Amino acid sequence: IWTGGDPDAGDTVTYNVYLDTNNPPSSNVSDNQVGTSYQSSTFAYNTTYYWRVRDTDIDGVGTNGTWFNFSFTTEIATPALTAPANAATGQSITPTLTWTLAGGTVGVTYDLEYHTGGGFPGTFVLGITSPYSSTTFPYNTTVTWRIIAKKAGEANKTSGSRTFTTLLATPVQTSPANASSA
């Protein structure tokens with residue numbers, strides 16, 4: 001929304017709106033519109049956009065108006081967990097956890113939060129990236145996990161949670177020793 005108009009009574013002013021991720025913006029998204037607002041629904045998460053409006057007096061006497069420039073950055077998206085599948089069993093004790101990235105990644109950090117039966121809040125691993133496989137979980141344990149996306153100046157975005165169960169430990173024979181006689 002912007003303000004505009006023409007000082008000459010009865011003259012109509014039209015506006016050209018430019019909007020994209022370039023500075024200055026080069027995509028004309030609305031041409032010769034009469035209204036003083038524009039709404040778009042095609043924004044990507046965590047992306048900076050630039051927009052400008054140019055007014056034109058169409059009576060043939062006026063001149064093209066001044067460009068007015070603005071910029072804004074959209075919020076980060078909520079991460080979506082992608083692997084392992086929910087309720088997966090027989091998983092490695094160092095499973096590879098993956099999730100979708102929260103739009104653009106500039107300034108976004110991710111934390112892993114998990115528990116093995118105690119509920120959230122759980123244990124945190126800070127500043128990780130997808131894919132992640134550095135945490136070792138106990139054998140034959142059900143793990144519930146989620147990812148928290150963070151960006152300075154914005155509310156944290158927490159994914160839904162998933163569970164997986166690690167595999168059973170391989171038994172080790174300790175007695176009798178190999179090649180021993182009974």
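Me: Which side chain does Thr165 make a polar contact with, and at what distance?
Reply: The partner is Thr142, and the two side chains are joined at 3.0 Å. Keep in mind that this is a predicted model.

Me: Where does Thr165 sit?
Reply: Thr165 belongs to strand β12, which covers residues 162-166.

Me: Is Thr165 buried or exposed?
Reply: Buried, with a relative accessible area of 18%. The cut-off for buried is under 20%, so Thr165 gets that label.

Me: Which residues is Thr165 in contact with, leaving aside neighbours within four places in sequence?
Reply: There's one run of Ala88, Thr89, Gly90 and Gln91, plus Asn140, Thr141 and Thr142. Thr142 is also the polar partner at 3.0 Å.

Me: And what's the C-alpha separation between Thr165 and Pro138?
Reply: 9.6 Å, for residues that are 27 apart along the chain.

Me: Changing topic: how many salt bridges are there?
Reply: The count comes to three. One of them pairs Glu75 with Lys157, at 3.4 Å from N to O.

Me: Which parts of the chain does that Glu75 and Lys157 pair tie together?
Reply: Glu75 is in the loop between β4 (68-73) and β5 (81-83), while Lys157 is in strand β11 (residues 157-158), so the bridge ties together parts 82 residues apart in sequence.

Me: Of those two, what's the accessible area of Glu75, and of Lys157?
Reply: Glu75 is partly exposed at 42% relative accessible area. Lys157 is buried, at 16%.

Me: OK, what does Asp111 pair with?
Reply: Lys150, in a salt bridge whose closest N and O atoms are 2.6 Å apart. Asp111 is in strand β8 (residues 109-115) and Lys150 in strand β10 (residues 142-150), so this pair links distant parts of the chain, 39 residues apart.

Me: What about Glu113, which residue does it bridge to?
Reply: Arg146, with the closest N and O atoms 2.7 Å apart. Glu113 lies in strand β8 and Arg146 in strand β10, so the bridge ties together parts 33 residues apart in sequence.

Me: And how accessible are Glu113 and Arg146?
Reply: Glu113 is buried at 2% relative accessible area, whereas Arg146 is partly exposed at 21%.

Note on methods: Residues numbered from 1 in each chain as written. Predicted model: local features only at pLDDT ≥ 70, side-chain atom pairs only at ≥ 80, totals over all residues. Heavy atoms only, no water. Helix = DSSP H or I, 4+ residues; strand = E, 2+ residues; numbered from the N terminus. Buried < 20%, exposed > 50% of the residue type's maximum accessible area, 1.4 Å probe, protein only. Contact = heavy atoms within 4.5 Å. Polar contact = N/O pair within 3.5 Å; in protein donor to acceptor, adjacent residues only side chain to side chain. Salt bridge = Lys/Arg side-chain N within 4 Å of Asp/Glu carboxyl O.
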